[in-house]
Amino acid sequence: MSLAQDLALLLLDDESGRTTIEVGRRHRAVGTAVLLDLVRAGRIAVETPQDRPAGSRVVVRDTAPTGDTVLDEALTALSAKDTSLGWAAETIGHRSWRPLLEGLVEQGHLRHEQGRFLGVIRTNSWPSADPAHEDQVLARIRGALADGQQPDEQTALLITILHGIGALAALLPGEDKKAVGEQAERIISETEQSGPWREALKGFNSALLAVLLAS
């Protein structure tokens, strides 16, 4: 499962099949996850001017397909023009959302339900079909934030994105919000400074948070 797929599951309400955050934040979060998947695959890098995270740009390093349809479509779009990190996250997130959900339906994690609002407007929802994988992801996040367990790389990056859009508290009801926030910030700092992808992600977290927190 890609980082973007895990994030998509976490941003959906299991019963209603609708997103739990507003669309703008969802686009930035999902787009950021896709970009991080491409960074980890060695396909792109993010160049950040010193002391100016808002000036970060996406640079394509390798156009070879990854084998993941969503990532490959994003890579094609990024290869077509020089883009800022903010534009890339917003645009890629918007384009990737529906394909991500369709892929999760094919894998059996979600169901696709269609209906009509007031008998006229078409509606789509994506309730959970099998919560087993999402439950495992949530357990790793809770273990890292509430129990002090060392997170793996994917969990650390999910925490970074979810913290950036203020979505952790809703995923961890009953936990101390302040303690969770402090632990998340510690994990984010450690990931950037000493994680296995330190060089690939150098300067990325500050730029990433600037994008996620954008109005």
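Predicted model: local features only at pLDDT ≥ 70, side-chain atom pairs only at ≥ 80, totals over all residues.

User: Okay, so at what angle do α1 and α6 pack?

Analyst: Helix α1 (residues 3–10) and helix α6 (residues 153–164) pack at about 50 degrees, and their axes are 10 Å apart. The two helices are therefore oblique to each other. As for handedness, the crossing of α1 past α6 is right-handed.

User: Which residues meet there?

Analyst: From α1 you have Leu3, Asp6, Leu7 and Leu10, and they meet Gln154, Leu157, Leu158, Ile161 and Leu162 of α6. Sorted by class, that contact of α1 with α6 has 7 nonpolar residues, 1 polar and 1 charged.

User: And how does α1 pack with α5?

Analyst: The angle between α1 and α5 is about 95 degrees, with the axes 10 Å apart. That makes α1 roughly perpendicular to α5. On the α1 side the contact uses Asp6, Leu9 and Leu10, while α5 brings in His133, Glu134, Val137, Leu138, Arg140 and Ile141. The classes for the contact of α1 with α5 come out as 5 nonpolar, 1 polar and 3 charged.

User: How many residues of α1 are buried?

Analyst: It's 8 of the 8, so α1 is largely enclosed by the rest of the structure. The buried residues of α1 are Leu3, Ala4, Gln5, Asp6, Leu7, Ala8, Leu9 and Leu10.

User: What do those buried residues pack against?

Analyst: The buried residues of α1 pack against α2 (23–40), α4 (85–106), α5 (132–146), α6 and α7 (168–171).

User: Let's zoom out. How many helices and strands does the protein chain have?

Analyst: There are 9 helices and 5 strands in the protein chain. Going along the sequence, the pattern reads α-α-β-β-α-β-α-β-β-α-α-α-α-α.

User: What share of the protein chain counts as buried?

Analyst: The protein chain has 215 residues, and 47% of them count as buried. Its accessible surface is about 10,500 Å², with 49% of that belonging to carbon and sulfur atoms. If you look at contacts between residues at least 6 apart in sequence, 61% join residues at least 24 apart.

User: New topic: single residues. Is Ser96 buried or exposed?

Analyst: Ser96 has 5% relative accessibility, so it counts as buried. Ser96 lies in helix α4. If you skip neighbours within four places in sequence, Ser96 is in contact with Val34 and Val70.

User: Where's Gly42?

Analyst: Gly42 is in the loop between α2 and β1 (44–47).

User: Why does Gly42 count as partly exposed?

Analyst: Because Gly42 has 39% relative accessibility, and partly exposed runs between the buried limit of under 20% and the exposed limit of over 50%. Leaving out residues up to four places away in sequence, Gly42 touches Arg61 and Asp62. Gly42 and Asp62 are 20 residues apart in sequence, with 7.0 Å from C-alpha to C-alpha.

User: Last one. Which helix is Ala179 in?

Analyst: Ala179 is in helix α8 (residues 177–194). Ala179 is partly exposed, at a relative accessible area of 38%. Between Ala179 and Leu145 there are 8.1 Å in space, C-alpha to C-alpha, and the two are 34 residues apart in sequence.

Definitions and conventions: Residues numbered from 1 in each chain as written. Heavy atoms only, no water. Axes fitted to C-alpha atoms, helices over the stretch in contact; angles between N-to-C directions. Helix = DSSP H or I, 4+ residues; strand = E, 2+ residues; numbered from the N terminus. Parallel < 35°, antiparallel > 145°, perpendicular 65-115°, else oblique. Left-handed = near helix turned anticlockwise from the far one by under 90°. Contact = heavy atoms within 4.5 Å. Nonpolar A, V, L, I, M, F, W, Y, C, P; charged D, E, K, R; others polar. Buried < 20%, exposed > 50% of the residue type's maximum accessible area, 1.4 Å probe, protein only. Areas by Shrake-Rupley, 256 points an atom, 1.4 Å probe, with all protein chains shown as cover.
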